[in-house]
Amino acid sequence: MNDFLFLSASPNQQASHAYRFADALLKKLSERHPGMSVNKRDLAANPLPPLSAAYGSALTKRTPFDDPAFRQSEELIDELERSRHLLIATPMHNFTVPATLKLWIDYVLRIGRSFSAGPEGKVGLLADRPTYIIVSSGGIHQGPQARQPDFLSDYLRHSLKTIGITNNHFIYLQGMVGSEEAVAAAISTARQQLSNTPLFAGVEPESTAFEASV
Ligand SMILES: Cc1cc2nc3c(=O)[nH]c(=O)nc-3n(C[C@H](O)[C@H](O)[C@H](O)COP(=O)(O)O)c2cc1C
């Protein structure tokens, strides 16, 4: 069992604002909890293979879980099952999740495996766990300054709920293509959001080190 599954989805990889914010948090948290284990999966550096026809076909039948068509899906679902917390660092791409993260969703939301479907609708089959989602965006999509829709948050919230994960905290890094001052203000707002969450309250990285790294 790992303490964290850390998924990152930005093409900027380790230079990504969202990645660096999330990574700095994990480092700080691990100082508090030495031995904390983190399984990192960079969905941009190591892209998942495109969905195959065999996967699509296996999904719609009562195919055994050990069928080769499910190998990638099983690996990703196993990773989730072996993690007490989930941390996702993702940019917003065209108002929603980037394609790298969408592909992960397409492998992990699997009827009969991670959710069931019946008259009551779709019911999640995985254990709920504290989940933190760091979303970076070039512009603003939340609050009175919003100039664009946010199809990312509800979509991701609903996707996670479908598999049973409802204990979600969204943290927004907005306006990240703005001036240095705007970026600093965005980081400060994100820190305030974090300070209201159970896991990261009181573990915000020291201001100077953190700002230098984000
Ligand atoms: C293909 C693409 C689409 C984007 N779409 C949006 C968008 O819809 N809204 C927005 O605010 N920013 C958009 N951006 C800007 C990124 O969200 C922004 O640069 C963000 O800070 C990148 O995050 P990262 O530094 O964590 O990689 C887009 C960037 C790319 C490359």
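Modeller: Lys-102 lies in helix 4. Helices here are DSSP runs of H or I with at least four residues, strands are runs of E with at least two, and both are numbered from the N terminus. The model is predicted, so local features need pLDDT of at least 70 and side-chain atom pairs count only at pLDDT 80 or more, while totals for chains, interfaces and linings use all residues. Residues are numbered from 1 along each chain as its sequence is written, and side-chain values use heavy atoms, with hydrogens and water left out.

Buried means under 20% relative accessible area, exposed means over 50%, and partly exposed is in between, with a 1.4 Å probe and protein chains only. Leaving out residues up to four places away in sequence, Lys-102 touches Val-97 and Tyr-155. Contact means heavy atoms within 4.5 Å. Pro-198 is 96 residues from Lys-102 in sequence, and their C-alpha atoms are 27 Å apart.

Leu-156 links several parts. Not counting residues up to four places away in sequence, it touches Val-97, Leu-101, Ile-105, Ile-133 and Phe-170. Val-97 is also touched by Lys-102. Leu-156 is one of the buried residues of helix 5, along with Leu-152, Ser-153, Ser-159, Leu-160 and Thr-162. These buried residues pack against helix 4 and against strands 3, 4, 5, 6 and 7. Helix 5 (residues 152-162) lies across strand 3, strand 6 (131-136) and strand 7, and runs at about 155 degrees to strand 7. The axes are lines fitted to C-alpha atoms, for helices over the stretch in contact, and angles run from 0 to 180 degrees between N-to-C directions. Just after helix 5, Gly-164 takes a positive phi of about 110 degrees.

Helix 3 (residues 71-81) comes next. Its buried residues include Leu-76, Ile-77 and Leu-80. Among the elements that cover them are helix 4 (99-108), helix 2 (53-59) and strand 3 (83-91).

What is the order of the strands in the open sheet? Five strands run 2-1-3-6-7, with parallel pairing. Strands pair if DSSP finds at least two bridges between them. Strand 2 and strand 7 (168-173) are the edges, each pairing on one side only. Neighbouring strands are turned by 15 degrees against each other on average, direction ignored. Strand 1 and strand 3 run parallel and are joined by six bridges. Phe-6 has Leu-87 as its bridge partner in strand 3.

Strand 3 also holds Thr-90. Thr-90 counts as buried because its relative accessible area is 0%. Leaving aside neighbours within four places in sequence, its contacts include Pro-98, Leu-101, Ile-133 and Leu-152. Ser-136 is another contact of Thr-90.

A backbone N or O atom of Met-92 is 2.8 Å from a ligand oxygen atom. A polar backbone atom of Asn-94 is 2.7 Å from a ligand nitrogen atom. Gln-148 places a polar side-chain atom 2.8 Å from an oxygen atom of the ligand.

Last, the hairpin. Strand 4 (residues 115-118) and strand 5 (residues 121-124) pair in the antiparallel sense over four bridges. Two residues lie between them. Ser-116 has Val-123 as its bridge partner, and Phe-115 stands opposite Gly-124.

How values were computed
A polar contact is a pair of N or O atoms within 3.5 Å; within protein, one must be able to donate a hydrogen and the other to accept it, and residues adjacent in sequence count only if both atoms are side-chain atoms.
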